[in-house]
Amino acid sequence: MSDMRDVRDVRDFSRRGVLGLGLGLGLGAAAAVGIGGCGAPSSGSGSGSAPTPHAKPGGPPAARAGWIGDGSTADTGPQPHQPARPVPLQPGEIPPQFVVFSWDGAGEVGNGLFPRFLKLAKDHGAAMTFFLSGVYLLPESRRSLYRPPNNPVGASDIGYLTDGHVRATLACVRQAWLDGHEMGTHFNGHFCDGPGSVAHWTPADWEDEITQAVSFVTGWRTNTGFNDLEPLPFDYRKELVGARTPCLLGQGNLLPAARKLGWRYDSSSSGGLQRWPVKKSGLWDLPLQSLPFPGHSFEVLSMDYNILANQSVATTRGVPANYPGWRTQATDTYLGGFGRAYETNRAPLFIGNHFEEWNGGIYMDAVEEALKAMADKKDVRLVSFRQFTDWLDVQDAKVLARLQGLGPGQSPTGGWHTYLSAA
């Protein structure tokens, strides 16, 4: 552990600057790329619902069966494209290699990254977790509706989206759920610094922030006035079972609020190891993990941001001549962590990302290359955090304890059959 680079080392690189710049890239090209790259919501999208009815031209849509509240969301039945119900491992059975690709923010700003990775997931039978920032469904003209704890009304350290990008994000979120992905939350304003940082929030502050994040998702129709769009095809209050905090801060006081809401997991630890997870305050603790960093003696956290901060240090636009080498290094980081787990303790691999174009988009390319390389391996399951939690919850406690006893890169003594049969 002495040679491991702590995640706090890279927090000196302003998260606000990174996210603001990353989100802004590609905005000018939105018209050329086409807003709504996930496809305009329609009756042909797979929800089985009819086109949105209107009470009168230009007026609010008429309510219909299944709609929740103002029709921003709807109960359309069980989520499509879910795996078979999980079952306990049998004595001596080798555990699957789980991999979870997750996305912080999950807004579509015209650069086509949200639809790109929805297509990649569909092509390879993968499910992912999208931690949606609630303010991405709130137009900037309505920013006064957001009252962040310990910060000015309407403040946000990530930018509000244009109306066109809110519409595009709605389309992609809708398609993501229909494709079988999980919609978690990244909360709202992404406050990492100063007295208003989420690091200082109380459980009551987190409850307030969660309530607002949910309200922006479940009330987007009222807040935007977009009456020509279908509802999001899920009840967000029931779907929401986990989160990741901004900058991995504030988990200690978030957990009481999350437990009160019945959440099942949290992915906000400041950094973990490649081990089988345990519960913290009643929730599964599913942190980003330290992975071998090629060419260095220390390890790096399994997220695009942390890899970038150890490559181009204080800029998202480093020297272009370095891009090919950095892309290879990022890819090899993900694959190195995968290989270490796959060949030894089979600990789940958690990879975090943003829809960004830092250093010429090399981290997006690295994620795609890594996912493709992992997808065809035997016993690999590319799942969402919720799906992985489903699997954990049906396992025998003694079997889980044996798995949790294996350290990073540690193979089971005597092989899997002997090691797990002992449980």
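How are α3 and α11 oriented to each other? They are roughly parallel (angles under 35 degrees count as such). This is a predicted model, where local features need pLDDT of at least 70, side-chain atom pairs count only at pLDDT 80 or more, and totals for chains, interfaces and linings use all residues. Residues are numbered from 1 along each chain as its sequence is written, and side-chain values use heavy atoms, with hydrogens and water left out.

Helix α3 (residues 113–123) packs on helix α11 (residues 362–375) at about 10°, the axes being 11 Å apart. Axes are lines fitted to C-alpha atoms over the stretch in contact, with angles from 0 to 180 degrees between N-to-C directions. Helices are DSSP runs (H or I) of at least four residues, and strands (E) of at least two. Here are the partners in contact (heavy atoms within 4.5 Å):

| Helix | Contact residues |
|---|---|
| α3 | Leu113, Arg116, Phe117, Leu120 |
| α11 | Met364, Asp365, Val367, Glu368, Leu371, Lys372 |

Six of these residues are nonpolar, none polar and four charged. In this scheme Ala, Val, Leu, Ile, Met, Phe, Trp, Tyr, Cys and Pro are nonpolar, Asp, Glu, Lys and Arg charged, and the others, Gly among them, polar.

Let's turn to the disulfides. The count is two, taking cysteine sulfur atoms within 2.5 Å as a pair. In one of them, Cys38 and Cys172 have their sulfur atoms 1.9 Å apart, and the link is right-handed, with 95° about the S-S bond. This pair joins distant parts of the chain: Cys38 lies in the loop between α2 (30–33) and β1 (67–68), and Cys172 sits in helix α4 (residues 163–178), 134 residues apart.

Note on methods
Parallel < 35°, antiparallel > 145°, perpendicular 65-115°, else oblique.
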